[in-house]
Amino acid sequence: MYSDLLHALPDVFAWTNFAAVVIGVIAGIVVGAMPGLSATMAISVLVPFTFGLEPLVALGLMAGIYNGAMYGGAIPAVLLRIPGTPAAVATTFDGYPMAQKGEGGFALQVAVVSSAFGGIASAFALMLLAPPLSKVTLLFGPSEVFWVAVFGLASIIFLLGGNPVKGLISACFGVFVSVIGSDPIYGNDRFTFGQLEMLDGINIVILLVGLYALPPVIDLLETPLKTDGVSSSKLGTQSLWKALPRMKSFWKTWLRGSFLGIWIGILPGAGGSMAAFMSYNEARRTSKHPEKWGEGEPEGVAAAEVANNADTASALIPALTLGIPGTAVAAVMLGGLLVHGLQPGPMLFRDNPDIVFGFMWQFLFGAILLVLLGGSLATNSFARLLNLPRPLLGSVIIVLMLIGVYSIHGRMFDVYLMLGFGAIGWVMDRLKFPLPPVVLGLILGGFAEENLRLALRIGRGDPMILFQNTTSLILVALTIAVVVGPTLKKRYIDSRKKA
Amino acid sequence: MPESRNSRLTRPETLTALGIIVAAAGFLIPTTALRPISALLPAAMLVGLIVLSVALLVSDQRKARAGEPAKSMTQAPKRVIGAFLLIVTYALACDFIGFYVSTAVTIPLVAWIFGYRSPIGLLIATVIVVGTIWAIFDFGMSQDFPTGRFWGH
């Protein structure tokens, strides 16, 4: 089972594949450092540019961006008390007070080393857990696959928090978009309205760019951010080798935060912010000096950063094996895999072992590379990114979005479609409709429909075929638990409060 | 104090729910021409959208009746509308005038309008971005860009 893992290693060291990880990590840090931009947005913009690339080059870029952005979010969190990514909120608690004391450079180095530690642990978890899980899923037939899709959608809707009605609307919209185009079995057109461009359905990249890239661009242009000029001379950055001994005492926090981050990453719908908060709270609870937390305690930065990076690769465990992404970034990465003809699920491990295991190695190397970028020169350079003018950045991203979407089929129709999805995405974003269920609905909708219809044909039209084996029943029970669980939990908490 | 009847109907969530109901009902019409098995999933999703939107509408109107103010979707509507219009205009310009001319104008124009006013910075950024796009995509990857319908391409 693990022999494929070692077999994939030489390919990762091909210079193009390795360079992709390096470029991805640097690009990810740049994106993460810009408040309002995120790894999800960066990967969405990147995906169309990877069409012509080898799969491992494309996946290396994505793995690098994901790792880099999680650390990059710490830069404005420490220097401006503005989290670059949502997962960096907990980093502001102690990072910013450290910067106020003239220890901003050290705070960033703690962040980069902790991020690397979390990322490495997460990559190992992916390598160890995904292969056996994929073997189990190989036993699934059409009805089980259908229930896996339903479970995936249910978990991302109900575990994501927020308003479940809005989550369900998002999912229905995503599934509806997935059925546009030719019917997969009978071939008749559905909702194409005579447009030849729609016959093949809506390309996932068009939806991703519209939903995830356009709203942040509007945000960049809507609110001018004053940084008051970040100067590297105020950071007090020293050599990483001098800084490392001061981090020796963080090992327990790193281990605990990694475990929490990995666990939360595997759970669909949770994500890096929750991991960072839980890790921060646990580290403070067990600290000998909890009163110092919030006033510039370096261990607070370590706790938050290790956990938000530990959920990166682990979020791909359910994504790669079952097709259920744990986070929004993982959902977008699934889109990236589909672009290269790689359908997430058990067959991915059987048919493309070199690519899927190579991707895991790239996650590991991406995390290790972060440490190399923790030196004083790199830290000071990344800090200066905050001085980039946001309107200029916004206009450049608009151009990249257009190039990316146009290059899919070489037609402007896709660009207009992307703008339509972008407008919908902006409204959804502002009204707090979750976006991941839309993407997951698009990915799983067609998949679910095909398997449902296949199962019904096997059962000669009898819907009871969907409930005739133990695995299906377990998946149905899990789906019900996911739907009902949060409501029961809320009622229990409310009744405890009243009591 | 409860909101007035007019403002109650113009709350963003109410308008969105109404929009979804109308759009989903419109898309339901073509499903009647499909085979039942082909129409099953899309019809289920559209009916789901209508039912869920009604629930959203009712919940938002209850909030309005209780006097809960609707959150504004943006603090700077003019900037948001301006940004959307500029992006759409850029796409149309690429389609009708051509990619390079439109891009060379759009980058400095958008940045200038939204607050970055350094002429040298704008010039350098435009040259770097357009030059890099040409070098990587046009020269390096032989990627075709829209050349403009006005010029008969």
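The structure you are looking at is a predicted model.

**Residues with a positive phi**

- Lys432(A) sits in the loop between H22 and H23 of chain A.
- The phi of Lys432(A) is near 60 degrees, which is a positive value in a residue other than glycine.
- Phe193(A) also has a positive phi, of about 50 degrees, although Phe193(A) is not a glycine.
- You can find Phe193(A) in the loop between strand S2 (189–190) and H11 of chain A.
- Is Phe193(A) buried or exposed? With 8 C-beta neighbours inside 10 Å, Phe193(A) counts as exposed.

- Leu6(A) belongs to helix H1 (residues 3–7) of chain A, and its 10 C-beta neighbours inside 10 Å make Leu6(A) count as exposed.
- Leu6(A) and Gly162(A) are 156 residues apart in sequence, and their C-alpha atoms are 42 Å apart in space.
- Pro10(A) is part of helix H2 (residues 9–12) of chain A, and Pro10(A) is exposed, with 10 other C-beta atoms within 10 Å.
- Pro10(A) and Gly358(A) are 348 residues apart along the chain, and 8.7 Å separates their C-alpha atoms.

- Helix H9 (residues 142–158) of chain A has 17 residues, which at 1.5 Å a residue should span 24 Å; the end C-alpha atoms of H9(A) are 24 Å apart, in agreement.
- In H9(A), 15 of the 17 residues are buried, so the helix is largely enclosed by the rest of the structure.
- H14(A) has 14 residues and reaches 20 Å from its first C-alpha to its last, close to the 20 Å expected at 1.5 Å a residue.
- Eleven of the 14 residues of H14(A) are buried, so to speak "mostly covered".- The buried residues of H14(A) include Met274(A), Phe277(A), Tyr280(A) and Arg284(A).
- What covers the buried residues of H14(A)? Helix H5 (55–72), helix H7 (89–100), H13 and helix H15 (298–314) of chain A are among the covering elements.
- H15(A) has 17 residues and reaches 25 Å from its first C-alpha to its last, close to the 24 Å expected at 1.5 Å a residue.
- H15(A) is mostly covered, with 17 of its 17 residues buried.

**Helix pair H13 and H14**

- Two packed helices are described by the angle between their axes and the distance between the axes.
- Helix H13 (residues 251–266) of chain A packs against helix H14 (residues 272–285) of chain A at an angle of about 150 degrees, with the axes 9 Å apart.
- That angle makes H13(A) roughly antiparallel to H14(A).
- H13(A) passes H14(A) in a right-handed crossing.
- On the H13(A) side, the contact residues include Arg256(A), Gly257(A), Leu260(A) and Ile264(A); on the H14(A) side they include Met274(A), Met278(A) and Glu282(A).
- Sorted by class, the contact of H13(A) with H14(A) has six nonpolar, five polar and two charged residues.

**Helix pair H10 and H23**

- H10(A) and H23(A) pack at an angle of about 50 degrees, and their axes are 7 Å apart.
- H10(A) and H23(A) are therefore oblique to each other.
- H10(A) passes H23(A) in a right-handed crossing.
- Among the residues making the contact are Gly167(A), Ser170(A), Phe173(A) and Val177(A) of H10(A), together with Pro437(A), Leu440(A), Gly445(A) and Glu449(A) of H23(A).
- The residues of the contact of H10(A) with H23(A) divide into ten nonpolar, seven polar and one charged.

**Where chain A touches chain B**

- How many residues does each chain bring to the contact? Chain A gives 41 residues and chain B gives 49 residues.
- Helices H10 (164–179), H11 (204–222), H21 (390–409), H22 (412–430) and H23 (436–458) of chain A each supply at least two residues of the side of chain A that touches chain B.
- Which helix gives the most to that side of chain A? The answer is H21(A), with eleven residues.
- By class, the side of chain A that touches chain B has 29 nonpolar, six polar and six charged residues.

Note on methods: Residues are numbered from 1 along each chain as its sequence is written. Chains are lettered from A and ligands numbered from 1 in the order in which they are written. This is a predicted model: local features need pLDDT of at least 70, side-chain atom pairs count only at pLDDT 80 or more; totals for chains, interfaces and linings use all residues. Helices (H or I, at least four residues) and strands (E, at least two) are DSSP runs, numbered from the N terminus. The expected span of a helix is 1.5 Å times one less than its number of residues. A residue is buried if 20 or more other C-beta atoms lie within 10 Å of its own, exposed if 12 or fewer, and partly exposed in between; C-beta atoms are placed from the backbone. Axes are lines fitted to C-alpha atoms, for helices over the stretch in contact, and angles run from 0 to 180 degrees between N-to-C directions. Angles under 35 degrees count as roughly parallel, over 145 as roughly antiparallel, 65 to 115 as roughly perpendicular and the rest as oblique. A crossing is left-handed if the near helix is turned anticlockwise from the far one by less than a right angle, and right-handed if clockwise. Two residues are in contact if their C-beta atoms, placed from the backbone, lie within 7 Å. Ala, Val, Leu, Ile, Met, Phe, Trp, Tyr, Cys and Pro count as nonpolar, Asp, Glu, Lys and Arg as charged, and the others, Gly among them, as polar.
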